[in-house]
Amino acid sequence: MSARGATQTMTHKRLRACLVVVLAVLVMFGLRLFQIQGIDSQAFAALATERGTDTVVVPAPRGSITDRNGIELAANVEGITLTADPTMTTADAPQIAAVLTGVFDDLDYFAVVKKLRTPKSRYVVLVKQAPATRAQKALDRLKEKGLVGVFSDSAPIRTYPGGALAANLVGYLNAQGEGVAGLERTYDDQLQGEDGRMTYEVAPSGQRIPQADTTVDEMVPGRDVVTTIDRDLQWYADQRLADGVRSSSADWGLAITMDVTNGELVQLSQYPSFDPDTRTGMTEKNTVARAWQTVYEPGSVIKTLTMAALADQGLVSADTKIKVPGSMTIDGFNISDYWDHGTIKLTAAGVIAQSSNMGTIVASQQMKSSTLHSYLSKFGLGAKTGVGLPGESKGILVPAERWSRSQAATVTFGQGVSVTALQMVKAVGAIANGGVAVEPTVVSGLKAADGSVEKPARPKGQRVVSQQAAKQVTRMMEAVTADDGTAPAAQIEGYRVAGKTGTAWRVNPETGRYVRGQNTVSFMGFAPADNPRFVTYVVLDNPVSSAGGGSTAAPVFQQVMSMALERFGIAPTGAKSPKVAQDW
């Protein structure tokens, strides 16, 4: 074969080989295309979408907590969290740290440098939830110096405009932004709302593609919690209570005011308290909500409930004559009044006006212990009030069948039974409300972003004693604030005031024993007595040894109740309390 023929033969073989290779490649691509478009089309489409999209969480703003007039007690302000990419900041860490610590005094320079040089990381938090103005100042300075690698994220800051005002009721958040106390905890789910999400297409560089498809799951803002608290009254009561605690050298104090017609708490003060805005004073003693979590023996305020039970049974009226002995010995215990006396003759009103333990025991001996226990239960002792606040205590009301003879006697005047302040407000509030107990409430509604308000269901009041029995006890309580009663300091010019002092031995929580010389004193009252609107309760724990409810708690009551009547426009009735005989 000639050389030319051999060359042509080789050329044809190469062409055939190339053709086979090309056909094989085309078949392979065709099969792969069939697999992608036919068999695995959805999976690959999803993968392509995932690799070409980015999702951003759109945080829902936390709802506010407001007073009854819409004034914010807890709110959000604009904040910024500063972060860094250490792969970009390692070289300039000292210069960046110098700028940041120059703006934020509380930052540690060396700690910031360490964060900026974090190995194998592209994300570190430098400053969490900084005020927007300060954060922007730091960013501007970094930009001026040409320092890169520090970024900003929106991070709203929870703020409490009133500082310590109603702090134990409002509560506070933890570092994760979750409510851990008060209303912040009770209504955490409603306040948080629901975060949204925005998904959009991005280029291989990570930049968002303009005008590309975007999917948005709308966020739902948290709802506002509208309370029944009046901010101005709350502020005033806070100041007066603090004055009362300091002047009496008490360990702590409470002041609570409730609208007896509907159970709305319009003021709830505690001292000492704490400031959730600055985080000062946040000790275990200050953050506990004493109004519904702390239990104590109420002392003589409970005499009003004992007398209400007796009056409802038709056993006493304000004028009932009672022969009161100087003392009694029951189960080996000597029981007497706070003042020395022989046998005296008091009316039921006189027993309440002079706060006689002995007179209360004598009157209550007409009634079985089981009957008294039943009334105390109906008044709400031994059970939660229904206010719905976290950590509420039920108090301690031992079943009547377990009462000794001495306990059956002391329970009538407030020893041997433990309560919360809110329980006592509900109980005496029933007397002020014509014998009908209403559950205390502190929230009037949940307000959505569109302005709609969801109002919680309000349970019907429960009749505890008859209206006539409530009137009789009111007459007795008006004698307490008379010039010859135990609390004339509770008088309010132009108004009839019904009240009752309370003094009880303190119980050592560690030993369970009474501490001689240490008392919990209080004053409970309502006004106007002839048409009651508000009941106010003031409690002072462990004041100076000579202090009593009439001299320490009653003046605070007088100031707070006067403000409440003025604030809500309750006009003076001008009527004078009827003269009730205290002895016979």
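## Ground rules

Two strands count as paired if DSSP finds at least two bridges between them. Helices (H or I, at least four residues) and strands (E, at least two) are DSSP runs, numbered from the N terminus. This is a predicted model, so local features need pLDDT of at least 70 and side-chain atom pairs count only at pLDDT 80 or more, while totals for chains, interfaces and linings use all residues. Residues are numbered from 1 along each chain as its sequence is written, and side-chain values use heavy atoms, with hydrogens and water left out.

Start with β22 (residues 514-527) and β23 (residues 534-541): they run antiparallel and are joined by eight bridges. Within that pairing, methionine 524 has tyrosine 537 of β23 as its bridge partner.

Both strands belong to an open, antiparallel sheet of five, ordered β12-β11-β23-β22-β21. At its edges sit β12 (265-271) and β21 (498-507), each pairing on one side only. From one strand to the next, the twist averages 10 degrees.

## Helices on that sheet

Two helices to look at here. Helix α10 (residues 231-248) packs on the sheet and touches β11 (252-259), β12 and β23, its direction making about 35 degrees with that of β12. Contact here means heavy atoms within 4.5 Å; axes are lines fitted to C-alpha atoms, for helices over the stretch in contact, and angles run from 0 to 180 degrees between N-to-C directions. Helix α20 (residues 549-567) also packs on the sheet, touching β11, β12, β21, β22 and β23, and its direction is about 30 degrees from that of β22.

## The six-stranded sheet

There's also an open sheet of six strands with mixed pairing, in the order β7-β3-β2-β10-β18-β19. Its edges are β7 (157-159) and β19 (453-454); each has a single partner strand, so one side of each is left without a neighbour in the sheet.

Inside this sheet, β2 (residues 65-66) and β3 (residues 72-77) pair in the antiparallel sense over two bridges. Threonine 66 stands opposite glutamate 72 in β3.

Helix α13 (residues 303-312) is mostly covered, with nine of its ten residues buried (buried is under 20% relative accessible area, exposed over 50%, partly exposed in between, with a 1.4 Å probe and protein chains only). Among the buried ones are Leu305, Met307 and Leu310. The buried residues pack against α14 (348-353), α15 (357-364), α16 (369-379), α18 (421-432), α19 and β21. After α13 comes glycine 314, with a positive phi near 75 degrees.

Threonine 474 sits in α19 (residues 467-480) and is buried, at 9% relative accessible area. Leaving aside neighbours within four places in sequence, threonine 474 is in contact with Ile431, Ala498, Phe526 and Ala529. Asparagine 286, in helix α11 (residues 284-287), is buried too, at 12%. Not counting residues up to four places away in sequence, asparagine 286 touches Asn168, Gln270, Pro272, Ser273, Phe274 and Gly281.

Leu19, Leu23 and Leu26 make a nonpolar surface patch of about 300 Å². Patches take residues with over 30% relative accessible area and no salt bridge, joining like charges within 9 Å and nonpolar side chains (Val, Leu, Ile, Met, Phe, Trp, Tyr) within 5 Å. A salt bridge is a side-chain nitrogen of Lys or Arg within 4 Å of a carboxyl oxygen of Asp or Glu, and areas come from the Shrake-Rupley method with a 1.4 Å probe, where for residues only the protein chains shown count as cover.

Leucine 26 lies in helix α1 (residues 3-39) and is exposed, with a relative accessible area of 54%. An α-helix has 3.6 residues a turn, so residues three or four places apart point the same way.
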